[in-house]
Amino acid sequence: MTEVGGKGQNLGRLNRYGFLVPAGGVLTAKAYQDFMQHNGLAEPIHAAASIKAEDALENEEMLGEIRRKINEGHIPEAVRKELAERLAGIRLLDKPVAVRSSATAEDSARASFAGVHESFLNVAGLPDICRAVKGCYASLWTPRAVAYRRKMGLTDDEVAAAVVIMELVPAVAAGVAFSCDPLTGRRDRVAISANFGLGESVVSGSIEPDEYLLDSRILLPKIIQKKIGSKKQYTRSRLGYGTELVSSGDGANKRQVLDDSRITELGLLTLRVHEALGSGTVNQDMEWAFYGNKFVVLQARPVTNLHEPSFPETAGQPVIWSNANLKDVMPQVPSTITWNLASCMLPRMMSANLQAAGYHVPPGINWVRLYKGRGYFNLSALQWGFYDAMGFLPGKTNEFIGGHQPEIKVPAGNPLSGLKGMKRVLRQIYYGINILRIQGSAETIFKDIWEKADSWNQLNFSGMNENELISLLSEIREKYVEYAPPYMILGSSASLPLEMLARALDADFPGRGYSLANGLLAGTSEKMTSAEHGYRLMELAQTAQRDDAARRYFMAEHFDSKAFQNEIPEGSQFRIEFEKFLKDYGHRGVYESDLLNPRWREDPGYLLENIRAELLSPRNADYRKAQAEKRNTVEKEIEEKLKWSFQRIKISIWARQARKGAEMREMARSVMVKPYESSRLLLQDIGRRLVDKGILNEKTDVYHCALPEIIDILAGYWDGTGLKILVEDRKRMREELSNLEPPDVIIDDSPQPKVQAPEAREQVLAGIGVAAGRASGRARLIRHPGENTRLQAGDVLVAPSTDPGWTPLFLRANALVMEVGGTLSHGAIVAREYGIPAVVNVPGVMKTLKDGEQLTVDGDEGKVYRA
């Protein structure tokens with residue numbers, strides 16, 4: 001960028017990734033520096049450094065003299081000669097070209113310089129090209145350009161002028177397109193402005209163009225608003241040199257510049273630029289031209305100073321971004337296609353509970369984002385929403401979601417007092433009613449998703465044509481989107497009853513509410529799906545112990561997880577039971593939130609390794625008996641104090657609801673990932689097709705493609721040229737980002753230091769107790785469930801976070817300690833069900849503890865004691 005400028009660099013990247021861009025090249029910033037030195041302009045340039053932004057207009061005479069000297073200067077002969085040779089080599093020396101400024105800080109995320117520097121169109125021949133180049137140089141020294149540099153904190157030396165010289169496209173239509181709505185800041189929109197002829201009339205703002213607004217949440221972007229402009233004039237090439245505005249004639253205000261199919265095509269192209277240059281997170285402003293039935297990209301740059309839609313009451317406060325819960329379910333850098341899906345579903349999830357409470361959520365809030373490849377959610381919006389909707393203080397929201405993050409400022413006082421407080425209480429009631437309503441229809445919802453996924457699994461993808469594939473992709477994505485709100489509500493349905501249960505217990509057992517609540521929920525469910533598959537694996541280990549062929553296979557010195565079908569006969573009891581397990585749980589996987597990762601049905605190696613680990617290090621304890629004893633102890637204590645009082649009945653009701661909520665949360669999660677299996681089968685077939693066409697190197701590269709790119713190819717708008725290179729760049733970048741330790745919190749765009757980890761010598765570490773009891777064992781630091789064989793029966797499992805793929809490890813552990821997580825995290829719910837003492841949200845625990853040291857975990861107090 002220091003040599004070719006932002007515009008030149010972006011055009012080069014677009015060309016490399018297969019976008020149609022005009023033929024041309026870049027006269028580098030070194031040529032500008034040579035020109036200034038050759039013409040003795042160092043002294044006046046140095047004098048201009050003292051000009052302040054507010055004084056730029058008053059110094060027009062000094063700046064005008066600099067521009068005059070530049071325009072009258074001479075381009076060094078060596079530069080002039082090489083320029084002529086290069087242009088002749090690409091057959092542009094005598095063709096009409098566009099000569100466009102590409103300053104070294106221009107079109108960057110920091111500063112766009114939109115409309116600040118000059119461009120010259122319809123320039124032909126070396127003399128006129130050199131004149132236009134000097135015009136670009138001179139445009140750095142207008143009062144407007146100098147004032148902009150000062151305002152953006154850029155020195156004159158930081159903004160040298162590279163110049164893009166490219167073929168002038170004989171456009172029949174042109175304009176600009178944004179991968180967002182620049183007026184409202186909405187990231188789920190594409191905004192397009194269009195006029196007939198060259199794009200200068202649109203860029204300069206000299207006419208009223210057509211305006212098209214598209215919904216980008218649809219695979220084929222849907223037109224949701226059209227405004228047909230008057231378009232009284234359009235820009236065309238003037239005979240000889242430059243351009244001119246001419247009348248469009250009668251009826252221009254009735255003619256649409258682009259028909260609807262072309263608008264959709266351009267919308268997809270805009271989203272492709274967003275994915276290629278902005279990595280799906282930095283929105284792009286693109287200039288385009290249309291001619292010969294194809295679109296050409298003339299330039300693209302990041303959108304700067306984009307408005308951030310939010311709650312009006314949080315205006316003036318910085319935006320807090322957190323990875324608290326996302327780090328639990330998606331700890332790795334997500335693949336491109338996974339984030340495409342997640343960024344469509346997550347906004348609906350984040351607002352679902354607020355809407356279920358009957359609360360109005362402003363449209364267009366930017367709920368999620370990527371930062372250095374990792375996902376973050378808008379904690380400020382979530383904290384305010386729960387406070388204003390139902391009176392939950394920010395600290396309580398943090399406790400539910402886990403993690404370590406700051407709190408927004410909310411008004412002092414009790415949020416449940418006064419008229420506003422009454423409304424919040426009513427919303428709590430309405431929210432509770434909606435939870436019960438959705439829980440009542442959960443079985444129907446689950447059945448619908450499950451049966452749909454099974455029907456998709458049976459389809460013959462290879463026999464489908466491209467339009468059928470697009471329709472199926474759309475159908476699957478729409479089903480995800482439809483399921484997102486009930487999934488989130490069901491996933492959160494344990495929060496309110498757990499909180500009410502803890503409060504009710506705390507009234508009679510001060511300071512012990514959560515501890516007793518955790519004890520009451522131990523081993524109470526037979527429908528906790530993620531806990532049940534752990535039990536089933538233990539039973540499979542017992543079956544293998546009784547099955548001679550299975551026992552020999554698992555106990556072999558050189559164990560090979562890929563050889564089990566050859567080593568264990570089909571009719572053996574173990575094979576029969578294992579096939580049943582895969583039928584029920586084969587759609588799940590390790591870090592299953594990422595489509596990139598295989599499901600257990602595809603690759604059961606992880607399951608087999610866990611069964612072997614159980615055989616080598618058996619845990620002989622009867623978990624269900626231990627859970628019952630723990631629960632009975634708590635129930636007896638409550639019974640002795642409360643007898644058959646109304647308070648005890650209330651506790652019983654809330655415990656039942658908390659149990660049901662936890663069951664629903666875990667089942668909702670299982671159902672959510674059920675269609676991932678279908679999606680993988682479909683995507684791998686698409687990947688195979690792209691490999692056959694030479695577009696990708698291997699079919700699994702499809703996971704590193706963005707959905708707009710896949711749709712663009714399937715729809716026939718693009719032949720896939722350059723996608724192979726883009727995918728390789730993404731894979732390399734993902735590997736680099738995976739090696740970075742992500743911050744837990746970002747404020748606006750500034751990463752915050754992690755919460756201070758305890759001193760290595762500290763003997764007591766504090767967190768949140770989420771599963772009752774006290775247990776001891778050796779610390780076993782496990783960073784990935786693939787390290788499962790290191791965990792021995794009786795160890796304390798210490799993990800950064802856990803998802804359902806970790807569950808098989810829980811039953812070999814005496815206790816659980818996690819770096820992140822909240823009272824409703826997956827690890828907390830399953831640990832409560834298993835009756836394993838658990839403490840979560842212990843900052844820096846993976847660095848503080850040493851593997852093998854002796855620990856005592858107190859899930860009642862939320863403390864971890866070191867020997």
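Tutor: The talk below goes from a sheet to a helix and then to cavities. This is a predicted model, in which local features need pLDDT of at least 70, side-chain atom pairs count only at pLDDT 80 or more, and totals for chains, interfaces and linings use all residues. Residues are numbered from 1 along each chain as its sequence is written, and side-chain values use heavy atoms, with hydrogens and water left out.

Student: What makes β2 and β3 a pair?

Tutor: Strands are DSSP runs of E with at least two residues, helices are runs of H or I with at least four, and both are numbered from the N terminus. Two strands pair if DSSP finds at least two bridges between them. Strand β2, residues 97-103, has 3 bridges to β3 in the antiparallel sense, so the two count as a pair. In β3, F120 stands opposite V99.

Student: Why are β1 and β3 called edge strands?

Tutor: The open sheet has 4 strands in the order β1-β4-β2-β3, with antiparallel pairing. Each of β1 (24-27) and β3 (119-123) pairs on one side only.

Student: How do you know that α1 packs on the sheet?

Tutor: Contact means heavy atoms within 4.5 Å. Helix α1, residues 5-16, touches β1, β2 and β4 (161-167). The direction of α1 makes about 115° with that of β2; axes are lines fitted to C-alpha atoms, for helices over the stretch in contact, and angles run from 0 to 180 degrees between N-to-C directions.

Student: What makes a space a cavity?

Tutor: On a 1 Å grid over the protein atoms alone, a cavity is a set of points where a 1.4 Å probe fits but cannot get out, and lining residues have an atom within 4 Å of a point. The structure holds 7 cavities of 30 Å³ or more.

Student: How are the residues lining the second largest cavity divided?

Tutor: They divide into 10 nonpolar, 1 polar and 1 charged. Ala, Val, Leu, Ile, Met, Phe, Trp, Tyr, Cys and Pro count as nonpolar, Asp, Glu, Lys and Arg as charged, and the others, Gly among them, as polar. The lining includes R477, S679 and Y480, so these count as charged, polar and nonpolar in that order.

Methods:
1 Å grid on protein atoms, 1.4 Å probe; cavity = no way out; pocket = protein on both sides within 12 Å on 5 of 7 lines; lining within 4 Å. Points joined across faces, edges and corners; volume = space filled by probe spheres on them.
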